[in-house]
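This report describes one protein model for a reader who has not seen it before. Please look through the sequence and the structure first.

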Amino acid sequence: MPLPARRQEIPKEGGKVRVLSITAIRDRVVQGALKLILEPIFEADFQPGSFGYRPKRTAHEAVDRVARAIVQEKTRIIDIDLRSYFDNVRHDRLLAKVARRVDDADVLHLLKLMLKANGQRGVPQGGVISPLLSNLYLNEVDRMLERAKETTRYGKYTYIEYARFADDLVILIDAYQRHDWLMAAVEKRLREELAELQVEINEEKSRNVDLGRGESFGFLGFDFRRMRSRRGVCQLHAKAQETNCLAAEAQRRVPPLPIATSGSGREVD
C-alpha cells in the first residue's frame with residue numbers, strides 16, 4: 001500500500017503557497033518503474049503542442065513555438081490559467097483514460113492505490129508519475145486544438161497555434177480581421193472541453209490579449225510584446241520577467257528567436 005505523501009509548502013508570489021507532495025523513497029521507486037511502462041504508450045498519443053515534462057522536449061522549445069507563431073502574425077492571444085489544476089484532477093476520469101490504452105488489471109489497481117493515497121482528487125505535485133498523468137488528463141484539450149488548426153488550415157499556413165507546458169496554456173490566433181470569429185469559437189470549444197473534465201478556469205488571471213494594440217502576455221517566465229521600430233518594422237520582444245530569477249537565467253541560454261517581420265508577416269534579417 002503506498003504511503004501518503006509528505007506535504008511541503010513552497011512560497012509563491014503574492015504571499016500564496018504551492019503545496020508539493022513528497023512521496024516516500026519506496027513509492028518513488030515504484031512510481032518510476034510504472035512510469036517506464038506507461039510513458040512510451042501515452043507518448044504516442046500526445047500532441048505536438050504539449051511540451052511539459054516530456055522526453056526530449058523543453059520549455060525553450062515551447063517559448064520558441066510561441067515566438068514563431070507571433071512572427072507569423074498570430075498576435076491575438078487566449079491566455080488561460082487553470083485554477084489549482086493538479087489538485088482537482090478527477091481520479092475516475094483519469095483511470096478511465098489509462099484503461100483505454102492499458103489492459104492490465106494489476107497496473108490499473110496499483111495506479112489507483114497511488115492516487116487514492118493522496119486524497120479523493122488530484123495528482124501530487126512532486127510525484128514521479130504525476131507529470132505524465134497530468135499531461136494525459138489534458139490530452140483531449142490538445143487534440144481539440146490540433147483539430148481546430150487543421151480545420152482552419154489554408155495550404156501550409158495555419159491560423160491557430162498553441163503551446164502547453166503542463167497547466168500553462170496559450171492559444172494564438174491570426175490577426176486578420178476576417179478571422180475575428182476564431183477567437184470566440186476556439187475559446188468556446190476550449191471552455192467546453194475543460195468543463196467536461198471539470199477543470200476550472202481562473203477567470204481573474206485568464207484574459208484575451210491583442211499584441212497589435214500594444215498589449216503583452218506572460219508565458220513560462222517570459223513577457224511577450226510587439227513594438228514597431230522607426231523604420232516601420234514590427235519586432236517581437238520576448239523578455240524574461242524581472243520577478244522570475246530562474247527565467248532570467250534560462251533566457252541567457254535560449255538561442256536567438258526570430259524577432260523581426262515585415263508588414264506581410266515574413267521574417268526579415
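Is Val30 buried, partly exposed or exposed? The model is a predicted one, and in it Val30 has a relative accessibility of 34%. Buried would require a value under 20% and exposed a value over 50%, so Val30 counts as partly exposed. Val30 is part of helix H1. Leaving out residues up to four places away in sequence, Val30 touches Leu110 and Met114. Val30 and Val128 are 98 residues apart in sequence, while their C-alpha atoms are 9.1 Å apart in space.

**The chain as a whole**

The protein chain has eight helices and ten strands. It consists of 269 residues, of which 48% count as buried. Its accessible surface comes to about 14600 Å², and carbon and sulfur atoms account for 52% of that area. Contacts between residues at least 6 apart in sequence join residues at least 24 apart in 65% of cases.

The largest nonpolar core holds 62 residues, and the members that touch the most others are Val66, Ile171, Phe217 and Phe224. The element that gives the most to this core is helix H2 (residues 59-71), with six residues. With residues up to four places away in sequence left out, the contacts of Ile171 include Ile77, Ile78, Leu145, Ile160, Val186 and Leu190. Arg76, Glu161 and Tyr162 are also among the residues that Ile171 touches.

Helix H4 covers residues 105-116, twelve in number. From its first C-alpha to its last it reaches 16 Å, close to the 16 Å expected at 1.5 Å a residue. At the start of H4, a side-chain oxygen of Asp104 comes to within 3.0 Å of the backbone nitrogen of Asp106.

Which residues of H4 are buried? They are Val107, Leu111, Met114 and Leu115. These four lie on the same side of H4, because they cover an arc of only 95° around the axis. On the other side of H4, Ala105, Asp106 and His109 are exposed. The buried residues of H4 pack against helix H1 (25-43), helix H3 (91-99) and helix H5 (130-137).

H5 is mostly covered, with seven of its eight residues buried. The buried ones are Ser130, Leu132, Leu133, Ser134, Asn135, Leu136 and Tyr137. Their cover includes H1, H3, H4, helix H6 (139-151) and strand E4.

**Arg164 and its surroundings**

Arg164 is in strand E4 (residues 160-165). Its relative accessibility is 2%, so Arg164 counts as buried. The side chain of Arg164 makes a polar contact of 2.8 Å with the side chain of Asp142. A polar atom of the Arg164 side chain also lies 2.7 Å from the backbone oxygen of Ala166. Beyond its neighbours within four places in sequence, Arg164 is in contact with Gly49, Ser50, Phe51, Gly52, Asn135, Leu138, Asp142 and Leu169. Asn135, one of these contacts, is also one of the buried residues of H5.

Ala166 is in the loop between E4 and strand E5 (168-173). Ala166 has a positive phi of about 60°, although it is not a glycine.

**The loop between H2 and E3**

Where is Thr75 found? Thr75 is in the loop between H2 and strand E3 (76-81). Leaving out residues up to four places away in sequence, Thr75 touches Ile70, Ile173, Ala175, Val209, Asp210, Leu211, Gly212 and Arg226. Glu73 is in the loop between H2 and E3 as well. Phi of Glu73 is near 75°, which is a positive value in a residue other than glycine.

| Residue | Relative accessible area | Class |
|---|---|---|
| Glu73 | 13% | buried |
| Thr75 | 2% | buried |
| Ala166 | 4% | buried |

Note on methods: Residues are numbered from 1 along each chain as its sequence is written. This is a predicted model: local features need pLDDT of at least 70, side-chain atom pairs count only at pLDDT 80 or more; totals for chains, interfaces and linings use all residues. Side-chain values use heavy atoms; hydrogens and water are left out. A nonpolar core is a set of buried Ala, Val, Leu, Ile, Met, Phe, Trp, Tyr and Cys residues joined through side-chain atoms within 4.5 Å. Buried means under 20% relative accessible area, exposed over 50%, partly exposed in between (1.4 Å probe, protein chains only). Helices (H or I, at least four residues) and strands (E, at least two) are DSSP runs, numbered from the N terminus. Contact means heavy atoms within 4.5 Å. The expected span of a helix is 1.5 Å times one less than its number of residues. The arc is that of the directions from the helix axis to the C-beta atoms. A polar contact is a pair of N or O atoms within 3.5 Å; within protein, one must be able to donate a hydrogen and the other to accept it, and residues adjacent in sequence count only if both atoms are side-chain atoms. Accessible areas come from the Shrake-Rupley method with a 1.4 Å probe; for residues, only the protein chains shown count as cover.
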